[in-house]
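Hi,

Here is the structure I said I'd pass along.

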Amino acid sequence: MASKTEKIRYSVNNDSVDSASSIEEPNDNPFAHPQIAAYWRKIYEDVGYENLHRFDPDFTWNKEEEKKLVRRLDLKVFSWTFVMFCALDLVRRNINRAVSDNLVSGDIPGLDTNGYNLGQTIYLISFLCAELPLNLLSKKFGPNVVVSAECLVWSIICISQSAMRTRAQFLALRALLGFAQGGFIPDQILYLSYYYTNTELPLRLAIFWTAIPLFQILGSLLASGLLEMRGIHGKTGWQWLFIIEGLMSLGVAIPSFYMMRSGPTQTKNILFKSRPAWFNEHEEKILVNRLLRDDPAKGDMNNRQALNIRQILRTVLSEYDFWPLYIQGLMAFIPFQPVTAYMSLILRSMGYSVFLSNVLAIPGQFWFLINLPLVVYFSHRVKEKSICVGIANYFIFPFVVALVAYPATGSDWVKYFLLTGIVALPYTHAILASWVSHISNNVASRSVATPLYNMMYQVGSIAASNIYRESDKPYYIRGNKIILGITVFNCVFPFFTKAYYIMRNKQKEKKWNSMTKEEQIEYTTNTTDSGVKRLDFRFVH
């Protein structure tokens, strides 16, 4: 971890070094130098930054005021994004529960394990392909509009799945659902970055992703009842599952058009213009200036300003410093995904009923729920990202080794325990996603790098969805050996990531320290370097 001496004087990101102090400290105002303040004000004016009228380099406030406002943000902004994520995860993972009710190799002719895998692959490819385009739409029209529309569309598609009768319909609806849901996560990260600092965002994303285990548990409990409705009005259990869970998601989608707002100074809702804004002028000034002092580059684009091709290509082709994180997004979460997706099916093959197959998945999901916020909080407390990302694979490594070594004829309960341990990994996706957002260092890069990271995650998910094959049933011995090899790679790569960012910081530090103070100010206010390429920026690691 970096020492306090590494913190740079005119950084465009004051929390860009692991040991950076909190934004309330008096010496942590990047606009303290008049020339620096004038430089950033001109940028904000040129782009038409929506919060410019609340920007004040000399404005002061106390910690208690800020804490109260953050609590209000959590209530008004974050809580609803969490509800929406719950709706997303309920719908995108209900297929894993539907398979235990004869959806595969039963009610739909021609749909076997390989067909199911193809459907999941198509879903993930569609999900992947939608991430960047939908994020660009959010940048143009606002996440509050685009995300609400996404939720509405995927709810309708979920309900429509109850009408599937053929393999082709299954594949087509999986494609449509993937495209409708693909932009949600990067859109929401962009949306939350309008309100939260780089220090606050990882912990919110950790809570954000607790929706996965929470709704795996609640979804399993719900499915254990809904799937028993087979025969009511001539419908199968999985048809009732898609109908009822789709309606639940629809109940979230419609209010979202009211609940989501454009930004901290744009909280009057367009549907009810007579209602007052969420914050008064003093509170808006606190919200805006604390964000800009944490990261001045958060104001270098208007929140309704579209990206151009040059900005997109620059992030994709030239900002290579993101790639260690992209690679981890690709590889880190492959090992647990096949086990999670096939848990109910594996339990059915062990002889358990539909009801028990869903209920027995709950302990691993609950363990996952506990591990997720703990690992993110631990990362926050020790100010370490690289090694903490590796904890996910360090945790499951002994379970995977044991699963590969354990004989197929052994006790089903031992296999169940080992599978549960893999499902329960400490999920570090929140650390990686917020890390990408943190080091983006300008709005344009953040708008591209965040969906690119999530696209890499989806590529990994596509690979994961094809590890367990029909010919490898029922215990997927070959697939588990593949998972072991990937886990070993994932245990090593975090150390490379840390070494890489330490090296890059040293390279930047050497060039920066070779300048005089006047040259540093001249560089800060006149350089054409941007984002991660700036010499006055340091990578967290």
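In which helix is Arg-167 found? Before I get to that, keep in mind that this is a predicted model. Arg-167 sits in helix 7, which covers residues 167-181. Leaving aside residues up to four places away in sequence, Arg-167 touches Ile-108, Pro-109, Gly-110, Leu-111, Gly-115 and Leu-118. Take Leu-111 from that list: 56 residues separate it from Arg-167 along the chain, yet the two C-alpha atoms are 5.6 Å apart.

Next, Ser-138, which belongs to helix 5 (residues 113-141). Is Ser-138 buried or exposed? With 0% relative accessibility, Ser-138 counts as buried, because the cut-off for that is under 20%. The side chain of Ser-138 makes a polar contact of 3.1 Å with the side chain of Asp-187. Asp-187 also turns up among the residues that Ser-138 touches, along with Pro-143, Val-146, Leu-190 and Asn-303, again not counting residues up to four places away in sequence.

Now for the nonpolar cores. The largest has 137 residues, and the members that touch the most others in it are Trp-209 and Tyr-427. Helix 2, residues 63-92, gives the most to this core, with 14 residues. As for Trp-209, if you skip residues up to four places away in sequence, it touches Phe-85, Ile-185, Ile-189, Leu-372, Tyr-427, His-429, Ala-430 and Ala-433.

How do helix 9 and helix 10 pack? Helix 9 (residues 201-209) and helix 10 (residues 211-226) pack at an angle of about 15°, and their axes are 5 Å apart. Angles under 35 degrees count as roughly parallel, so that is how helix 9 and helix 10 lie relative to each other. On the helix 9 side, the contact is made by Ile-207, Phe-208 and Trp-209, and on the helix 10 side by Ala-211, Ile-212 and Pro-213. In this contact of helix 9 with helix 10, six residues are nonpolar, with no polar and no charged ones.

Cheers

How values were computed. Residues numbered from 1 in each chain as written. Predicted model: local features only at pLDDT ≥ 70, side-chain atom pairs only at ≥ 80, totals over all residues. Heavy atoms only, no water. Axes fitted to C-alpha atoms, helices over the stretch in contact; angles between N-to-C directions. Helix = DSSP H or I, 4+ residues; strand = E, 2+ residues; numbered from the N terminus. Parallel < 35°, antiparallel > 145°, perpendicular 65-115°, else oblique. Contact = heavy atoms within 4.5 Å. Nonpolar A, V, L, I, M, F, W, Y, C, P; charged D, E, K, R; others polar. Core = buried A, V, L, I, M, F, W, Y, C linked by side-chain atoms within 4.5 Å. Buried < 20%, exposed > 50% of the residue type's maximum accessible area, 1.4 Å probe, protein only. Polar contact = N/O pair within 3.5 Å; in protein donor to acceptor, adjacent residues only side chain to side chain.
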